[in-house]
Amino acid sequence: MLYEAEDDSEKNRKYTKAEADRFNSPHLNGGTMLNISDIMQTNEMISQQHLDVRTITMGISLRDCCDPDIDACCRKIYDKITRLAARLVPVGEEIEHEFGIPIVNKRISVTPIALVAESCVSKDYAKIAAALDRAAK
């Protein structure tokens, strides 16, 4: 036996009892009832209205990169960012594939650099800016 969808936007679509029970189960989604109409609306938003996730952001604390030697500070900053964010893009792409929603930007956010740079004896922070730029590539 086939069941019809409950709203007019899907009234020509037929579902098996198992499909209807699965989508209309009050036990799914933490007790929130899912229905076929909501799922179809989301699919339409993705395919026709180009729904996407604008940005995912990885926050990285650089407080432990403080060092009186600016070269050591720059090395710590570069190493930490490249180590922690090495898989940011591939993980973002895995999330895209898992949920079927494009993620437009993958970015990192770091501790305000003035808080890290003030630990350096040198007050010329161009080297730190260069280290951040190299890590971003």
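This is a predicted model: local features need pLDDT of at least 70, side-chain atom pairs count only at pLDDT 80 or more; totals for chains, interfaces and linings use all residues.

Visitor: Okay. How many helices and strands does the protein have?
Guide: Six helices and four strands. Helices (H or I, at least four residues) and strands (E, at least two) are DSSP runs, numbered from the N terminus.

Visitor: And in what order do the elements run from the N terminus?
Guide: They run β-β-α-α-β-α-α-β-α-α.

Visitor: What share of the residues counts as buried?
Guide: 23% of the 137 residues. Buried means under 20% relative accessible area, exposed over 50%, and partly exposed in between (1.4 Å probe, protein chains only).

Visitor: What about contacts between residues at least 6 apart in sequence: what percentage joins residues at least 24 apart?
Guide: That comes to 55%. Contact here means heavy atoms within 4.5 Å.

Visitor: Let's go inside. Which residues of the largest nonpolar core touch the most other members?
Guide: Leu62, Cys73, Ile77, Val116 and Ile128, out of 15 residues in that core. A nonpolar core is a set of buried Ala, Val, Leu, Ile, Met, Phe, Trp, Tyr and Cys residues joined through side-chain atoms within 4.5 Å.

Visitor: Which helices each supply at least two residues of this core?
Guide: Helix 3 (70–84), helix 5 (113–117) and helix 6 (126–136). The largest share, five residues, comes from helix 3.

Visitor: What is Cys73 in contact with, leaving aside neighbours within four places in sequence?
Guide: Cys65, Asp67, Val116, Cys120 and Ile128. Take Cys120: it is 47 residues from Cys73 along the chain, and their C-alpha atoms are separated by 7.6 Å.

Visitor: And Ile128, with the neighbours within four places left aside?
Guide: Ile128 is in contact with Ile70, Cys73, Cys74, Ile77, Ile113, Ala117 and Cys120.

Visitor: At what angle do helix 3 and helix 6 pack?
Guide: About 20°, with their axes 9 Å apart. Axes are lines fitted to C-alpha atoms, for helices over the stretch in contact, and angles run from 0 to 180 degrees between N-to-C directions. Helix 3 and helix 6 are therefore roughly parallel to each other. Angles under 35 degrees count as roughly parallel, over 145 as roughly antiparallel, 65 to 115 as roughly perpendicular and the rest as oblique.

Visitor: Which residues make that contact?
Guide: From helix 3, they include Ile70, Cys73, Ile77 and Ile81. From helix 6, Ile128, Ala131 and Leu132 are among them.

Visitor: New topic. Where is Lys80 found?
Guide: In helix 3. Lys80 counts as buried because its relative accessibility is 13%.

Visitor: Which side chain does Lys80 join in a polar contact?
Guide: The side chain of Asp64, at 2.7 Å. A polar contact is a pair of N or O atoms within 3.5 Å; within protein, one must be able to donate a hydrogen and the other to accept it, and residues adjacent in sequence count only if both atoms are side-chain atoms.

Visitor: How about Glu96, buried or exposed?
Guide: Glu96 counts as buried, because its relative accessibility is 18%. Glu96 is found in helix 4 (residues 88–99).

Visitor: What does the side chain of Glu96 reach?
Guide: The backbone nitrogen of Ile103, at 2.7 Å. Leaving aside neighbours within four places in sequence, Glu96 is in contact with Ile101, Pro102, Ile103 and Lys106.

Visitor: Last one. Where does Thr57 lie?
Guide: In strand 3 (residues 53–60). Thr57 is partly exposed, with a relative accessible area of 40%.

Visitor: What does Thr57 touch, not counting residues up to four places away in sequence?
Guide: Arg107, Ile108 and Ser109. The side chains of Thr57 and Arg107 make a polar contact of 2.7 Å. The C-alpha atoms of Thr57 and Ile108 are separated by 5.2 Å, with the two residues 51 apart along the chain.

Notes: Residues are numbered from 1 along each chain as its sequence is written. Side-chain values use heavy atoms; hydrogens and water are left out.
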